Amino acid sequence: MKKKYIFAALVSAMGLFSCSDSETFLESGVQENTVAPISGLADEAVEGELLIKFKPEVEEVLENAQMLSRSGVQTRSSIPSVDEILDIAGAYTFERVFPVDKRHEERTRKNGLHLWYVVKFDKDMDLNKVALDMSKLSEVATVEYNQVIKRGYDTTKKAKGLNSATREAIQTLGSQAENMKLQWGIGNDGTVVEGARAGYDVNCATAWEKCQGDPSIIVAVVDEGVMYNHEDLANNMWINPAETFGSDEDADGNGYAGDKYGYNFVAGNGHISYTQTGDTGHATHVAGVIAADNNEVGIRGIAGGNGTPGTGVKIMSCQIFSGNGSSSVLNQAKAIKYAADNGAVILQCSWSASSGRINPLMGTPGFTSDEEWSSSVVLQKEALEYFIHNAGDPNGVIDGGIAVFAAGNEYAPMVSYPGAYGDFVCVTALDPAGKPSCYTNYVSPSGSKNLIAAPGGDANAFKSEKASILSTMPNSAIEGSDLTASQSGYGYMDGTSMACPHVSGVAALGLSYAAQLRKHYRAADFKDLLLASVRDLSSNLSGEKSYWENWGSVGDAAPHLRMNLPAYRDNIGGLIDAQAVLDNIDGSNYGAQPMRVPNVYVALDATEVVDLNRVYAENVTATEFNVVDSSIAAVSLNNNQLTVKGTKVGTTKASVTSSDGQTQEFVITVRKATGNGWM
């Protein structure tokens, strides 16, 4: 993305954003002296597409038009002034950005996301002109170009594979002890490579004595497709039980067909792919750092469980990149909201725009301030805000979600957006000696309040692939791979992309432990807990650090360069520490609350089940319950499962008493579903 969004700036300079107290409406539907803001830049956008946010006043008209289309895909809006422009533009589809998911339509509407539509029209039309024409309509709140999003890493470079001896050990492992030495980011004993220093890792060993993961915690990997059948990942993939992989049927009514392991937002179907020409294995590598199964095969993830099936956190694949192609803001926004609506509480995002202070010889500078980012990709920002405020469960382990972003790999003295935005966690990268990786971006526009450091690797500084991060890979994405089709791959990669999942994995481990202790957090409080659970790096940031730029590709011909380490002091965050996270969860700070029996919302004649095992401590059981108005809901209790059936529209108080003598009150609300499926 470009630093300046020229077209929007010109519109503003023309005085088109001004409005008067007495507004005059023209017959064409244009509101005099009022023009909706136009976000983005046409020459970096998908041709023949615009993202339109309408004003609430026309939502009924839009919904009536949508109801006439069984698929939700229309060619017109039923708003005369809008359709006049669409006719001229040769529009062929007009649909909601976010499909109706009846479980979450109420909060979708509360957040205004139901007002976003994507219109597709003749690609030969002047995109600027259509955008400007749309912006003049009184019914339109925002017009946004569907910005093209490119990967922040070189897709022509494959991960480095293991030598034959190490690969054989990985494949036939009887014990993971030796492998853990290769996974220095998790447990660094200083022997992985010459120059490494013991202890510069995320400190999992002692943390694992308390917790190793919990399947109730779901991490959405927003990236390429995850290799869902990898031997080290298959047991820890999120599974949508109602769906058949790649099916054309939306069996659970969430608006997405065939989404068994997640969804492919590039192809628009549930078929998660990872072997297309140009796929790098990036998402599979990321997923392994977080949740590779502790199954005595291959590597071990930070929150992958204790080796028993069903003990690790779950990975949801939200695919926004595929093959050699680029992605778009539209794909990203849909993936982010999908993650929130389908149970993810951590958003793992090893992608970003270019740094606003990138060397222009390396690329086009990106955003330089919160205002510039938030006004340029409005849909992306609103989707991310939806995730951090609406993921999770007000009565579960976390109310809201944690969005974790990579800082970027451009050697720049400013981290990239969206990670630079203070509401998100932004991850910088370290090498095996605990020093900044040569490529990592640093310095946040928000100060250091959202920065955190984690192992990301630096083969260029150590002249060794073992200084990179080892994780799971599809065979096809490994350089020189000669593995058979029946074998799974493992390989090395460097980047803030690799540091990012170390933080996501520790966050998932922390939430797993909180679930184990039946503790509840608000997302903002848990984010603060994460950022405080670090080790100071300032004593390691003096003098210079040498590296050989592009050593991995050109070897000894690589130029020798140096970094001034004091420049990174207070500008990369502290090193995330899993044991410190769990210790802080043991305490009572950061807003920790005991879990509560949740309020129950149920449709008339439908049934909801409340698992009280997620509320009560181990060996505590529910002994009795009471419903004030039993005509509204029929309630039964069996094996710590509270089953609630809606029998009459209304609200009633209820309570449940447990074997430790505690009584908790909650509310049951029974509502009738409306014609369009939302409650």
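Author: A salt bridge is a side-chain nitrogen of Lys or Arg within 4 Å of a carboxyl oxygen of Asp or Glu. This is a predicted model, in which local features need pLDDT of at least 70 and side-chain atom pairs count only at pLDDT 80 or more, while totals for chains, interfaces and linings use all residues. Residues are numbered from 1 along each chain as its sequence is written, and side-chain values use heavy atoms, with hydrogens and water left out.

Reader: How many salt bridges does the structure hold?

Author: Side chains of opposite charge can pair when their charged atoms come close. The structure has 22 salt bridges. In one of them, K545 pairs with D458, and the closest N and O atoms are 2.7 Å apart.

Reader: Where do K545 and D458 lie?

Author: Helices (H or I, at least four residues) and strands (E, at least two) are DSSP runs, numbered from the N terminus. K545 is in strand β21 (residues 544-548) and D458 in the loop between β15 (451-455) and α13 (459-462), so the pair ties together parts that are 87 residues apart in sequence.

Reader: Is K545 buried or exposed?

Author: Buried means under 20% relative accessible area, exposed over 50%, and partly exposed in between (1.4 Å probe, protein chains only). K545 has 5% relative accessibility and counts as buried. D458, at 0%, is buried too. Elsewhere, salt bridges that share partners join E59, E63, R96, E105 and R109 into one network.

Reader: Which residue does R671 meet in a salt bridge?

Author: R671 meets E106, at 2.8 Å from N to O. The pair links distant parts of the chain, 565 residues apart: R671 is in strand β31 (residues 663-671) and E106 in helix α4 (residues 105-110). R671 is partly exposed, with a relative accessible area of 22%, and E106 is partly exposed at 39%.

Reader: What does R107 pair with?

Author: The side chain of R107 forms a salt bridge with that of D341 (2.9 Å, N to O). R107 belongs to helix α4 and D341 to helix α10, so the pair ties together parts that are 234 residues apart in sequence. Both R107 and D341 are buried.

Reader: At what angle do α10 and α12 pack?

Author: Two packed helices are described by the angle between their axes and the distance between the axes. Axes are lines fitted to C-alpha atoms, for helices over the stretch in contact, and angles run from 0 to 180 degrees between N-to-C directions. Helix α10 (residues 329-341) and helix α12 (residues 378-390) pack at about 10°, with axes 9 Å apart. That makes α10 roughly parallel to α12; angles under 35 degrees count as roughly parallel, over 145 as roughly antiparallel, 65 to 115 as roughly perpendicular and the rest as oblique.

Reader: Which residues make the contact?

Author: Contact means heavy atoms within 4.5 Å. Among the residues involved are V329, I336 and D341 of α10 and L379, L384 and F387 of α12.

Reader: How many disulfides does a search of the whole structure find?

Author: A disulfide is a pair of cysteine sulfur atoms within 2.5 Å. The search finds zero disulfides. The sulfur of C318 is 9.1 Å from the closest cysteine sulfur, in C349, too far for a bond. C318 is buried, at 0% relative accessibility.

Reader: How many residues of helix α9 are buried?

Author: Ten of the ten residues of α9 (residues 282-291) are buried. What covers the buried residues of α9 includes β7 (218-223), β9 (314-319) and α14 (496-516).
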